[in-house]
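The briefing below accompanies the sequence and structure shown here.

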Amino acid sequence: MELDDSEEKLLRSVALQNARAVLLARERAEQKLWDATKDLERKTEELTQQREWFQVTLSSIGDAVITTDTEGKVTFLNPVAEEMTGWTLKEGAGHPLEEVFNIVNESTRKRVDNPIAKVLREGIVVGLANHTVLISRNGTETAIEDSAAPIRDSQEKIVGAVMVFHDVTARRKAENALRRSEQLLSEFFENAAVGLHWVAPDGKVLRVNQTELKLLGYSKEEYVGRHISEFHEDQTVIDDILSKLACGKELTNYEARLRCKDGSIKHVLISSNVLWENGEFIHTRCFTRDITEQKLAQIALEEAQKKLSEHAQLLEKQVVERTHHLNQTIQSLEGVCYTIAHDLRAPLRAVQGFTKIILDDYSPCFDELGREFAGRIMKGANRMDILIRDLLAYARLSQVELPCVELDLNMVIEALLQNMVPEIEAQQAKISVQRLPVVKANNTLVQQIFENLINNAMKFVDAGVTPEICIRADSTGNGRRIFVSDNGIGIAPEYHDRVFGMFQRLHGDENKFQGTGIGLAIVKKAIERMGGSVAVASGGAGGTCFVLEFQPPQTT
Amino acid sequence: MTIPTEPIGSIPRPPELIRAIEEAGSDSHPSLNPLYDEAIQDTIRRFEATGSPVITDGEQRKYHNFWTYCVHGLPNVSPDGFKIPFVAGHTRRMHRLTAGPFRYARTADQYLEVAKRYAKHALKQAVISPSALSLMYPAEDIPGYSRQEFIDDLLAEHEKEIRQCLAVGAHKVQIDFTEGRLAVKLDPSGNLLNSFIGLNNLALSRFTPEERQRIGVHTCPGGARDSTHSADVDYAELLPSLFELRAGNFYIALAIEKDRERVLKIIQKHMKPNQRIFVGVIATIDPHIETAEEVRDRVLEAAKYIPLDQLGTTDDCGYSPFCDDLSTTRDTAFAKIRARVEGTQLAAQKLGLS
C-alpha cells in the first residue's frame, strides 16, 4: 500500500522542517563543540603551563619526588630523585617502583614494603618506616624519610601516587650523635662522683643519680617526685637556694645540710644553675658534694683553735705578768746594783786614797816588792773604780729619769769631741763627722753612746794602725739612722748577737784590749731607753759598723 | 576470537497474554502484571536455551511497538500522526505531539531492570531513534513550543534513556533506525536521510568513544506482519550515510535481501575500521526456519567481505515489533534464533575461530 499524496507530502514537509531544525541544532551543537574545543584548548594550554610549572617546581625543590601510575609504575622522577636512585627519568619511566626505589631497613637490611602499593590500595597517605635506607642503582646508600600519597583527579579518582622523600643522612647522624651524647650524659649523670639532681620549677625532684641516693640512703622512688625541701635540714637555706635560682643566679659551693633517710645530717656544697629555654625555667642542675668529713674536721679544728687561743691568751697574760715581775726584779736588782756600786765607791776611794798615801808618803818604807804590791793595789783599785763607774752608768740608765728632747746630734757630737780631745790626740785618731739629724733623745745618753763607741773604736785597733772613725747619717732613709764605723779589728759575725751583753769581752787578751765588757751593753740600754735600737755589722774596711736608730723629734 | 551474535529484540508475545490484554481493554491493567512477568521469564528462559550468548526480554512489555513505547499514554500526544505504509498493504499510524514540552512517558531501562532479575546471559536493550520520534512534531508549529525546543528535548530524553540503560548494565544498547530507508523513499535526494543521520549523530556525539562501542544502530526495511515499509529502497542509497553514524555497532538486515553479495560489497566499501557489522543471517519475516548450515553459509559469505574482527551476526529484525503481530510464533522465533547461534558457531569453526 502506498501513502496518498497529501499524506506523503505532509510527511515530507514535516521531515524537511525537522531537517532544518536538526540543521540548526547541529549548528548549535557544532558551535557548542567549537566553544568546548576552544575551552579545551585553553584548559589544555593552562594544563600544559601548569604541568610545566609543576615540572619545574618538582625539578627545583630540594626533595626527591617520584610519581607512579595506578599500577605502581614510575611516571616521573625529579632530578633529586634521579640522583638519589641512580635512575634517570628516561631509564626509570615505566619500571615498577620497586626496581627504581629499592629501600631496606637500616638495621635489619630487610626489604621495606613499598608504600605506594598501600597508597594505591587504600587511598591514604603512607609514611615510610623509620630507619629506611635507599639503595641506589650503583649501591650507594642514603638514609631517607618521608611519605607517599595518592594522586586524585577532579572526580577524586586515584590516578597514581606520588612519593616525596629526602636525604636524612646528616640528620640521622646528628640524631645518632645526639643519642650517643645523651647516653654519655646519662652515664655521666648516673656515675658521677658527686651527687646530681634536677629539680622542676615546682621544686619537685625530676632526676637524681646513684651517688646522691647513696649519700643520703634513699631509693630513687623515695627521692624522685618529692619536693627538694623535704631533704633539706634548713628550710631557710633551700628557700634561699630556690629563690636565687629562680632569679637566674648561679650558685657555687653553697653550703647546706641534707637530711639522710636514717636521720643523720650530711654537710654538702651545692653548685647549681637553671636550664632555661626561651626564658622558660626547665629544671635546675644541682651538683651536691659531700663535705661532711671536712666540715666535722673544721668544726673540731675551730674548737681546738678556740681552746688554743684561750690558752695562748692565758700564756700571754702569764708572760706579761711574769715579765712585769721580772722587770720589777731587774729594776730591783739594778737598784741594788746601783746602790752597791754607789756604796762600793766610798771604801774604794779609801783604798785608793790610802794606797796613794802609801805610795806617795811611805814608799821608802817598803822594799821593792812592797812597793810593787802597793802599786798593784792601786791598779786594782783604779780598775774597780772604772768598773763601778760603768756599773753605775749602766744602772743609772734604769734608775734615773732621762727625759728626751729635740736634740741636734751635730752639736752633741761636737761638744763630745771637744771633751775627748786628749784621748783622741793620744790615739792620733781621725774622726770624721758628716751632717747629722735632729732627733728626739737625751743629751747625756747620746754623749754616753757616742763616747763609748768612739772609745771602743780607738781602743780595738791593731797595733800601728791609726784609728779612723766615721759618723754619718743614712742619706736614703728617714735620716734618723746613724752609722758609726771604724777600721778596727772588727767583730766576727758569730758574736754579733752577744756583743751587747753585760760583761761580754770578745777579745781574750786583756792586756792588749782593756775594758770592762759593759760599754756596748750601756750603748744598747741607752738607745733603747730613748726608744731606739742598735745593731752591729761588719765594716766596709774590715772594721765594725754600729747602726743606731733614733726616734724622730716629733715622736711623743 | 569467535564471531559475536546478538538478537535484535522482540519475540512474539504469548497468545494468552495478547488475549488477556484484549479482554482487559488496556495493556497496563494491573491484572496483567503476572502475565507480563511470566512472559518475560519464559522468554528469557527459552532465549538462553537457544545458546544465544546475548539475549533480550523479547520486548514483552514494549507492548504497543518498538516505535512509540516511550510516548504511549502521554497526555500531550494524539494517535493521529502519520501513517507508515507497509508492503503487505497495512499501515501503522504514529503519534502526534500536541503540546510541549516533550518528555518520555517511560524509558527502556525499566524493561532491562526487570529482565536482569531472571537473566543469566548478557542482556541488550533496544531503544527508538530520535529521528523516528522527530516525526511526532506536526507540520504546523505548536504554539509556545518551537520545533527547535522539541529537538533539544528529544535529544536530551534519548541521551538519558541510553545512559540509564548503560548504567543498568546493558551489554549493548541498540538504536532502532528503521526509518532510514523510509527517509530515502520520501526524499530521494538524500537530504532527509542526512537530516536523520545528523539528528542521531547529535545524540551519539554526547557519548564517549568507549560508550559508543556499547551502542549500536539497527536498520531494516521495517518489518511488521512479515511485511516491510521500504524494502524497495536500495541499500546503496542508505548504507553510505548509515556508516556516518557515530555508533560502534551496526545491525543490518541482510538475509531478506535478494542480492546479499551486492549489499555486502556496499558494506565493505563504506564500513569504517571501528565499526562492527552484525549482518542479518535470519530472515525474520520468512516463515522458513533456517538450518544452521544455511546460516553458516550466510556467515561465510559475509566473511568474504567483512573482516572477521568486525563481523557479527544477528536476525534481520525483531520477530514482533508490533504487539499484535502474530505472524510468527514464539517457537519459530526461538528455532530461528537457535539456527543463528549454531550456524554462527559452525561458521566460526569453519573459519578457524573456535
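A:Arg42 counts as partly exposed at 42% relative accessibility, where buried means under 20% relative accessible area, exposed means over 50% and partly exposed lies in between, with a 1.4 Å probe and protein chains only. This is a predicted model, in which local features need pLDDT of at least 70 and side-chain atom pairs count only at pLDDT 80 or more, while totals for chains, interfaces and linings use all residues. Residues are numbered from 1 along each chain as its sequence is written, chains are lettered from A and ligands numbered from 1 in the order in which they are written, and side-chain values use heavy atoms, with hydrogens and water left out.

**Salt bridges within the chains**

- By the rule that a side-chain nitrogen of Lys or Arg lies within 4 Å of a carboxyl oxygen of Asp or Glu, the count over all chains comes to 46 salt bridges.
- A:Arg42 pairs with A:Glu46, their closest N and O atoms being 3.0 Å apart, and A:Glu46 is also partly exposed at 42% relative accessibility.
- Because A:Glu46 and A:Arg42 are four residues apart in helix α1 (residues 5-60) of chain A, about one helical turn separates them; helices here are DSSP runs of H or I with at least four residues, strands are runs of E with at least two, and both are numbered from the N terminus.
- A:Lys295 and A:Glu255 meet through their side chains in a salt bridge of 2.9 Å, N to O.
- A:Lys295 lies in helix α10 (residues 292-361) of chain A and A:Glu255 in strand β10 (residues 251-259) of chain A, so this pair ties together parts that are 40 residues apart in sequence.
- A:Lys295 is buried, with a relative accessible area of 15%, whereas A:Glu255 is partly exposed at 41% relative accessibility.
- In chain B, B:Arg296 forms a salt bridge with B:Asp297, with 3.1 Å between the closest N and O atoms.
- Salt bridges that share partners join A:Asp39, A:Arg42, A:Lys43 and A:Glu46 into one network.

**The two chains**

- Chain A has 15 helices and 19 strands, and 36% of its 556 residues count as buried.
- Chain B comes to 12 helices and 14 strands, and buried residues make up 62% of its 354 residues.
- Helix α5 (residues 147-168) of chain B has 22 residues and reaches 32 Å from its first C-alpha to its last, close to the 32 Å expected at 1.5 Å a residue, the expected span being 1.5 Å times one less than the number of residues.
- Just after α5(B), B:Gly169 takes a positive phi of about 120 degrees.

**The interface**

- Contact, defined as heavy atoms within 4.5 Å, links 27 residues of chain B with 22 residues of chain A.
- Across this interface the rule finds one salt bridge; A:Arg28 forms a salt bridge with B:Asp152, the closest N and O atoms being 2.5 Å apart.
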